[in-house]
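Good morning, and thank you for joining.

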Amino acid sequence: MDSVFHGGASYKTPFVTFCSWKSDEHMNKCKNICEDTPEGRKQLTRYKDGCVRLRNPHIELMDQDILYHLALGSGSHDLQAMFGDVKYVCMGGTPKRMEQFAYFIMNEIGFKLPAGTTLLDISQYSYRYSMYKVGPVLSISHGMGIPSVGILLHEIIKLMYHARVKDPIFFRLGTCGGIGIEGGNIVITEEAVDGMGRPFLELPILGKIVHRPAKLDRDLAMELKDLATADDPWETHVGKTMCTHDFYEGQGRLDGAFCEYTERDKLNFLEKIHKDHIINMEMESLAFGALTYHAGIRSAVICVTLLNRLNGDQVSSTKEVLNEWQNRPQMLVARYIKKHLEDDKIAVELSPPSPATVKSPKKMRIVREESQSYE
């Protein structure tokens, strides 16, 4: 069976004229822009036609930008032909889950593959993340934890820039532990906080601590909540998410290899953060919120609870039940995508793959070798 990855759509992204500032001039100009205002943030993260602009002037001066962990490169691949029609980027933890989502969203939006073809994992040669394209939707695995999702976001944001994508929307579809919420329900994050309850990502950069606000798009969160119906077999909640660096001690579990606190200590902590309106825990939302906000990209985190942490640490539901629960965030996001494709009158139609998406076979071999060497 032949493979194709490229889902066509009936709209095109125009060519963008990139700025020609030198790096130092660009950086000095950016420093004079107040990013605390919507207009200032827009200047830093968008070109005049709405295409994604990087907050890194060095990329424009590079001969080729290799996206090591995606096995793609700006010199080896025609990234605009491959990804220029992307509108929605959906991320989740495991390759299998995001492959399933790719086929699910294909059916939901009515996208048809040519006879004798199947979806291809575009990043299969990176051996790290998987990525599938279904028309205007990218479905990508992000691995586990802040470092993994952070690395992926750097490269996906750069991919949006090289592909000249206009105003994409990012979603994280995941699982979490509920705080006062039973298993099987959906939590949409309105604000991500770290393990100390602080609403920012703390990064050491060149020996200095940098704080990046972990803000998510509240209007997007509320629109997603409104798409839930009374017939859904779950409740949908909007609240704060605590994002930890660790699954065991960082989340106050009693079942790790180490535990130097009592069950009462754990419950006191969980009850305290619950009073602070923190209603779930996971390990990616802080980086996801911080990096998308810094890039000026609207984003949302939608997770299904696997258990209520106030009642224990072990997930006891059957595999069949857990698989059904994990589909619930996908269903909600699919409603959003389908609604907006219809509202914007974007027809997702069958069209032939773009010609010559590989610009340089030699550079493509180098990209694959470089990607495989980054362990």
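With which residue does arginine 328 form a salt bridge? The partner is glutamate 324, and the closest N and O atoms are 2.8 Å apart. By salt bridge I mean a side-chain nitrogen of Lys or Arg within 4 Å of a carboxyl oxygen of Asp or Glu.

A word on the source: this is a predicted model, in which local features need pLDDT of at least 70 and side-chain atom pairs count only at pLDDT 80 or more, while totals for chains, interfaces and linings use all residues. Residues are numbered from 1 along each chain as its sequence is written, and side-chain values use heavy atoms, leaving out hydrogens and water.

Arginine 328 and glutamate 324 are 4 residues apart in helix α9 (residues 319-343), so about one helical turn separates them. Helices here are DSSP runs of H or I with at least four residues, strands are runs of E with at least two, and both are numbered from the N terminus. Arginine 328 is buried, with a relative accessible area of 7%, whereas glutamate 324 is partly exposed at 33%. Buried means under 20% relative accessible area, exposed over 50%, and partly exposed in between, with a 1.4 Å probe and protein chains only.

The whole structure holds 18 salt bridges. One of them joins aspartate 85 and lysine 133 at 2.8 Å, N to O. Aspartate 85 lies in the loop between α3 (79-83) and β4 (88-92) and lysine 133 in strand β6 (residues 131-134), so the pair ties together parts 48 residues apart in sequence. Both residues are buried.
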